[in-house]
Amino acid sequence: MDGATMSECAKKALELAKIPVSPHKSRMLRPADVARADLILVMTEVHLKDMKVVYPEAIGKTFMLNPLADVADPFGDELEPYVKCLGKIQDWVAPWLDQQK
């Protein structure tokens, strides 16, 4: 959904990892975003299926961040699950970044 702010636990997890936190508001994926992207990483199998339906032109560049399972969203939880999720995301993103070099 458009306009949601980042949760306090998400901000704190980023700060603990020394990742700069700038003002942030969510927004829906737009056709221009898809057209401009070289790689699109999604968090869940449902996201991947939705991408295939809504943006079939992006099939060849859209992949699961963790190809083995959905990434569990810690939304509404305490800080520790956010910190753990961030660590996992960093681990899963690294190989994708290496491939892009």
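1. In this predicted model, the buried residues of helix H4 are Tyr82, Cys85, Leu86 and Trp96. The elements that cover these buried residues include helix H1 (8–16), strand S1 (40–42) and strand S2 (62–64).

2. H4 spans residues 79–100, 22 residues in total. From the first C-alpha to the last, H4 reaches 31 Å, close to the 32 Å expected at 1.5 Å a residue.

3. H4 has a kink of about 25° at valine 93. The kink comes shortly before a proline, proline 95. Trp96, listed in point 1, is one of the buried residues of H4.

4. Turning to H1, which residues are buried there? They are Ala10, Ala13 and Leu14. These residues cover an arc of only 100° around the axis, so they lie on the same side of H1.

5. What covers the buried residues of H1 includes H4. In the other direction, H1 is among the elements that cover the buried residues of H4.

6. Lysine 18 deserves a separate entry. The residue is found in the loop between H1 and helix H2 (31–36), just after H1.

7. Is lysine 18 buried or exposed? Its relative accessibility is 73%. Exposed means over 50%, so lysine 18 counts as exposed.

Key: Residues numbered from 1 in each chain as written. Predicted model: local features only at pLDDT ≥ 70, side-chain atom pairs only at ≥ 80, totals over all residues. Heavy atoms only, no water. Helix = DSSP H or I, 4+ residues; strand = E, 2+ residues; numbered from the N terminus. Expected span 1.5 Å × (residues − 1). Bend = angle between axes of the 7 residues up to and from the residue. Buried < 20%, exposed > 50% of the residue type's maximum accessible area, 1.4 Å probe, protein only. Contact = heavy atoms within 4.5 Å. Arc of directions from axis to C-beta.
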